[in-house]
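Please read the account below with the sequence and the three-dimensional view at hand.

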Amino acid sequence: MTNELTKLNREVIDAWEANADYWNERMSEGNDFHEILIKPSQIRLLQIKKDEEILDIACGNGQFSRTMSELGAKVLATDVSSRMILNAKARTPGSYTSLTFDVLDATDRDSLSALGKCKYDSVVCTMALFDMVDIVPLIESLPILLKPNGKFVFSIIHPAFNSPPGMKMAEERLTSGGRTERSFSLSISRYKTAAIYKSVAMESQPELQLIFHRSISDIFNVCFDSGLILDGIEEPVFDGKVELPDFLSWFNFEDIPPVLIARMRRR
């Protein structure tokens with residue numbers, strides 16, 4: 001890793017260390033984004049079977065790790081933030097005997113290699129690839145970590161629709177016949193060029209975090225170059241699943257996906 005990437009990686013880690021407690025308190029066991037959009041898709045694509053070995057990359061406070069354990073998997077849950085791992089352990093009852101937690105930097109090839117060869121039935125990364133300064137070490141390590149036909153399931157903010165600063169939401173209120181109707185639209189001013197910007201995962205979190213925008217082709221081509229095959233993809237939408245708020249948010253967009261979930265397989 002170059003000196004510049006190393007510096008950015010340190011900034012990523014420091015931000016998540018600072019935000020870990022805030023995230024843990026407010027994320028609890030999930031929010032509407034996770035429960036409605038992400039969790040169901042990831043469960044469908046993972047097709048978890050009892051006693052499967054699963055590696056969870058960037059587990060946060062362990063919410064999805066616990067779900068996979070409840071479904072019968074043996075899970076090694078990892079995160080780059082030591083504070084996140086402490087919080088994940090504290091939130092996990094002792095009855096979760098098939099779930100362990102450890103600190104791991106998924107941009108470090110040596111640390112990834114030390115996890116074992118052909119050990120895992122699945123690797124999962126929930127809403128975190130865009131937090132990583134470099135995704136190549138992780139993706140190139142997958143053919144080593146995964147068993148033959150093993151799965152890599154990941155979710156990301158949708159690169160085409162949900163990647164500020166190139167995206168703007170707009171609302172119009174039109175009055176006709178004594179009734180007011182609201183309509184919503186997205187304006188996209190940039191997409192293809194890779195970019196780094198600062199944003200938040202949750203409003204009012206202590207520190208801004210770095211976001212690494214990559215196009216869909218940027219991400220999938222790294223996977224294809226590593227010999228992985230795409231065999232499942234979902235773009236879930238809210239589609240009336242929540243009551244529409246008065247304020248402008250992704251809940252107002254019922255036919256535009258804010259996230260993308262994909263399944264890659266090792267040959």
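Predicted model: local features only at pLDDT ≥ 70, side-chain atom pairs only at ≥ 80, totals over all residues.

Residues are numbered from 1 along each chain as its sequence is written, and side-chain values use heavy atoms, with hydrogens and water left out.

In soluble globular proteins, nonpolar side chains tend to be buried together. A residue is called buried under 20% relative accessible area, exposed over 50% and partly exposed in between, with a 1.4 Å probe and protein chains only. A nonpolar core is a set of buried Ala, Val, Leu, Ile, Met, Phe, Trp, Tyr and Cys residues joined through side-chain atoms within 4.5 Å. The largest such core has 63 residues, of which Ile 57, Met 68, Met 132 and Phe 154 touch the most other members. Strand β5 gives this core its largest share, 6 residues. Helices (H or I, at least four residues) and strands (E, at least two) are DSSP runs, numbered from the N terminus.

For contact, the criterion is heavy atoms within 4.5 Å. Once neighbours within four places in sequence are left aside, the contacts of Phe 154 include Gln 42, Cys 125, Leu 129, Phe 220 and Met 264. A second, separate core has 12 residues, among them Trp 16, Ala 20, Met 202 and Phe 212. Phe 212 belongs to strand β9 and, at 5% relative accessibility, counts as buried. Beyond its neighbours within four places in sequence, Phe 212 is in contact with residues including Leu 8, Val 12, Phe 130 and Ile 196. By contrast, 32 Å separate Phe 212 from Leu 71, C-alpha to C-alpha, and the two are 141 residues apart in sequence.

Two helices may be considered next. Of the 8 residues of α3, 7 are buried, so this helix is largely enclosed by the rest of the structure. Its buried residues are Gln 63, Phe 64, Ser 65, Arg 66, Thr 67, Met 68 and Ser 69. After α3 comes Gly 72, with a positive phi near 110°. In helix α6 (residues 136–145), the buried residues are Pro 137, Leu 138, Ile 139, Ser 141, Leu 142 and Leu 145. The elements that cover them include β1, β4 (120–126), β5 and α7 (216–225).

Aromatic rings form a further theme. Rings of Phe, Tyr and Trp (its six-membered ring) pair if their centres lie within 6.5 Å; planes under 30 degrees apart count as stacked, over 60 as edge-to-face and the rest as tilted. The count by this rule is 8 aromatic pairs. In one of them, the ring centres of Phe 238 and Phe 251 are 4.8 Å apart and the planes stand at 80°, so the pair is edge-to-face. Both residues lie in the loop between β10 (228–234) and β11 (259–266), 13 residues apart. Phe 238 is buried, with a relative accessible area of 0%. The rings of Trp 250 and Phe 253 have centres 5.4 Å apart and planes at 55°, so this pair is tilted; both residues are buried. One aromatic cluster consists of Phe 152, Phe 154, Phe 220 and Phe 224.

Where is empty space left? Rolling a probe the size of a water molecule over the atoms shows this. On a 1 Å grid over the protein atoms alone, a pocket is an open set of points, where a 1.4 Å probe fits, with protein on both sides within 12 Å along at least five of seven lines; lining residues have an atom within 4 Å of a point. The largest pocket holds about 1,300 Å³ of space, a volume being the space filled by probe spheres set on the points, with grid points joined across faces, edges and corners. Of its 49 lining residues, Trp 23, Met 127, Phe 130, Val 200 and Ala 201 are the closest to the centre. Helix α1 supplies the largest share of the lining, 5 residues.

Finally, some backbone details deserve attention. The peptide bond from Pro 164 to Pro 165 is cis, with omega near 10°, and Pro 165 is placed in the loop between β5 (146–157) and β6 (167–176). Ser 204, in the loop between β8 and β9, has a positive phi near 70° although it is not glycine; at 60% relative accessibility, Ser 204 counts as exposed.
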